[in-house]
Number of protein chains: 2
Amino acid sequence: MNVAILGMGTVGSGVADILVNNANHIRSRTGLSLDLKYIVDVLDFPDSPHRHLLTKDFAQVENDPSVELVAETIGGTKVAYEFTRRALAAGKSVVTSNKELVATHGYELMQLAAANGAAYLFEASVGGGIPVLRPMRQCLAANRIQEVCGILNGTTNYILTQMIQTGQSVEAALLQAQKNGYAELDPTADMEGHDACRKTCILASLAFGHHVYPASVPTEGITRITRGDADYAAAAGRKIKLLGRTLVGEDGRVRAYVAPHLVANSSALANVEDVFNAVLVRGDAVGEVMFYGPGAGKLPTASAVVADLLDAARHWNIQAGPAWEDEAPSLLASPEDLKSGWYVRIRGTVDQARALGAEDILGRAGAPADEVAFLLPSMSRTELNEALGDLEPEAAFRLFD
Amino acid sequence: MNVAILGMGTVGSGVADILVNNANHIRSRTGLSLDLKYIVDVLDFPDSPHRHLLTKDFAQVENDPSVELVAETIGGTKVAYEFTRRALAAGKSVVTSNKELVATHGYELMQLAAANGAAYLFEASVGGGIPVLRPMRQCLAANRIQEVCGILNGTTNYILTQMIQTGQSVEAALLQAQKNGYAELDPTADMEGHDACRKTCILASLAFGHHVYPASVPTEGITRITRGDADYAAAAGRKIKLLGRTLVGEDGRVRAYVAPHLVANSSALANVEDVFNAVLVRGDAVGEVMFYGPGAGKLPTASAVVADLLDAARHWNIQAGPAWEDEAPSLLASPEDLKSGWYVRIRGTVDQARALGAEDILGRAGAPADEVAFLLPSMSRTELNEALGDLEPEAAFRLFD
C-alpha cells in the first residue's frame, strides 16, 4: 500500500526512516506492506537517503490513485489544513502528529474523511510516541471516563524539572532547553501553554464525545512561576507541574483547563520528569490508569504515526466512525467552580495569610521578609477570589493529589 | 449481540455489572449492543441482580447460535480449557482474564479460534484493567520491541511495599494482604512468582512473536526476601520489586525470567506501589513507554474483558490473525548470561565482600555482625556463581536501573 509523507521535518523524516528500516519487521508482524512513494516538501534535501522520493508538488500525491495513505507532518493550520482536506477529499486516509490542526479542525476533518470513505487519525498528536488516544478509545470503551489529566508538554516539564533539580530560574532553564534542542527559538506555544491546551482539547473531545475547541479551555503557562514557587512546593511535599485537565463535574458538564499545579509527591504524575509526558485517565470501572513515555522526539512520534498508518491500512477506524461529534456548547462549563486546595504566594504578612484560612505556612531559604506562601483548603477559584478581595496574589496554583 | 459469561466469580460478576450498568454508554460510544444472555456457574447466587441469567449447563451456551461472544472468567486450565475449546469450536469468540490458560494453551486456542472464524482475546490477563497487550500489538507495531519488563503481580508488590513502608516481615505483610483481600488463602501462585511468570510468558510471546511457555521461564518469588534486604536496598537508593522481564540479547535470542530486583529509585518502576502494576516496553523507535494502573480488582479487570468483547464484536482481531506463532525453541536462551549489577548478602566479612569485587558495602541498623550486604558490578549469573565459588549467598538479586 503506497504512502506519501507531507513535510520532511523531524517527524516526517522519522516516519520515512521507520517505513524503510523496519519494513520487513512491520510486514512480518502485521502482514501489511507500507511502501513510501512520495515525500512532499518545498525544500531540497540533497543528503537525505530518501531524496529520490521528494517532490514539491502536492498535486502529484493528490492525483495518484495508488497512494491510499498520507502522513501529514507539516504542522500548523495553513498548508497542512489545505493538503489534508484535499487528500481526504480524494479518498486518501490521513494520519498526523499535528495537534494544532486536530484541536482546531478535527471534527470537520473527521467528517470529511467519513464522507469519502477514509480515516483521519492522530495518535501522535498527544503524548508523542505514547499510545494514549487509541487505548482510551478502545481499551477503555467500557468505562464512563471521569477525568483525564496529563503532563502534555515536554518542553515545560523539562524546564520545571531543571528549576527543581538545579535551582535555575525559569529563564535560565528555558535557555538550557533551547540549547539542548528541547525548546524552539520562539518558545511561546510551549511556555504559554498553547501546546498543552491543544492536546487537552483533543483528550477532552475524545473522552467526552464532543469537539472541545481551544477557545473554551482557559490556559495559563509557566512564565509566572518563580524559583521560590519550586522551593515552596518542595517544602509542601509537592512538585510544580503544568497540567492539562478535563473532567466531568457533578452536574454532568465538562471542564477543561491548562494551568500549573502543585502535584503531591505521592501522585504518579509527580515522578514524570524532564521531557517525558504522562496521561492519567480515570474511568468508572478501571479506576486510574496512566500512560507514560517520551512526549516528543523524532522516532517516538514517528512510531505513533506509523501505527496509525497501519490502522488506516486495515480500515478499522473507518468502521468505527469519527472519534467524536460536533461541539456541544451546553456540555461545557467554566472550570472556575472546580474545588481544590490552593497554593498562594503574596506580598504581605503571616497574619494576612492566617486571615485567609491558611493551613500551612511554607518556608524557603532566602525568602524576602514580606513574602508569604501558604496552602489553602479546598475551594473554587471564585471562592478564592472572594477571599482574596483586593489582595493581588503573586501566585495562585491549584493542588493536585 | 449476545454474550455469555462463564464463571460468576469476582471478575465475572464485574463483567455482568458493566454490561448491564454501562450498556447505554457503551452503545452510544461504540454503536454496539452487548446483551448478557447467560451466566454459567455451578453455584446458585440467589441475591445476585443477574440471577435470572444463571445456568449450570454450559451446553446451553454452546448450542445457542445467538450467543456469539463468551467471556471466560473461571480461571485455571481444567473446566476453563474445556469450555473455551468447545466455545471456539462452535465459532464463538472467547475473551478471558485467565493468564494461566493463555500462558499454557494460548497458541493452540488462537489457532482453534482462527480455524473457526472466531477470536481468542486476553487483554485482561496481564495488568488487569491496564491496557497493555493491545497497545503493544497495535500502537507499537512499527517498533522492534527490545524489552518488556513489569511489576506484574499486585499481591507481591503490596507485600514488598508494606515491608518497605512499615518495616514488616514478608510473613507479616502477607497476613496483612490476606486480611485486606489482596492475597488468597493459598498464596503460592503469587508468592512463588507463578502468576508473574504466566504474565511474562504472555508478554514475551506477544513481543517476540512465538509462544513462550512457563517451563522456559526461570522463576523466583519473594519468599526469600528479608526485612534486611529492603533496608539495604533503601541504603543503595533502590527498592526491592518482583519483576517479570523478557528481552532480546545481542545474539537475537529471547530471554525471559521472573525474579526480585533492586530497582533504582530513579526508575519509573520504583514508584509503582501497593497493588498497582506497571509494564515498561522498550522499542527501537519509541524508546521507553510505560503502562500503569490497577493490576487486579473486580471492575478494572472486568473493564478490560468488556473492551475485548467490543473488539471481538467488531471482528477486528479475526482480521489481524493470531497474536503469535508456535513455540520456536531455538529463539530462546537462558537468562543466566544476561549481565547486570548485583546485590548480594552473605554471612561473612567485609574482606570477603571486597575480594568478590564489592563496590558498595551497604549498611543497616541492627544487622548481625557476620552479615555483609554489597553491590557488585555488571556480570552474568554464571560469572557471579564463579566468583562466589563455595560461598552460598543468603540473597543475590539483580539491579535494575
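This is a predicted model: local features need pLDDT of at least 70, side-chain atom pairs count only at pLDDT 80 or more; totals for chains, interfaces and linings use all residues.
Residues are numbered from 1 along each chain as its sequence is written, and chains are lettered from A in the order in which they are written. Local features need pLDDT of at least 70, side-chain atom pairs count only at pLDDT 80 or more, totals for chains, interfaces and linings use all residues, and side-chain values use heavy atoms, with hydrogens and water left out.

**View 1. Surroundings of G193(B).** G193(B) lies in the chain B loop between α9 (188-191) and α10 (194-208); helices are DSSP runs (H or I, at least four residues) numbered from the N terminus. G193(B) counts as buried because its relative accessibility is 0%, the limit being under 20% relative accessible area with a 1.4 Å probe and protein chains only. Leaving aside residues up to four places away in sequence, G193(B) touches T188(B), T219(B), G221(B), L242(B) and V258(B), where contact means heavy atoms within 4.5 Å.

**View 2. The axis relating chain A and chain B.** In chain A, F291(A) has the C-alpha nearest the axis, at 2.4 Å.

**View 3. Contacts of M136(A).** Apart from residues up to four places away in sequence, M136(A) touches A141(A), I145(A), V148(A), L203(A), L206(A), A207(A) and V281(A).

Conventions. Helices (H or I, at least four residues) and strands (E, at least two) are DSSP runs, numbered from the N terminus. Buried means under 20% relative accessible area, exposed over 50%, partly exposed in between (1.4 Å probe, protein chains only). Copies are superposed by least squares on the C-alpha atoms of residues with pLDDT of at least 70 in both.
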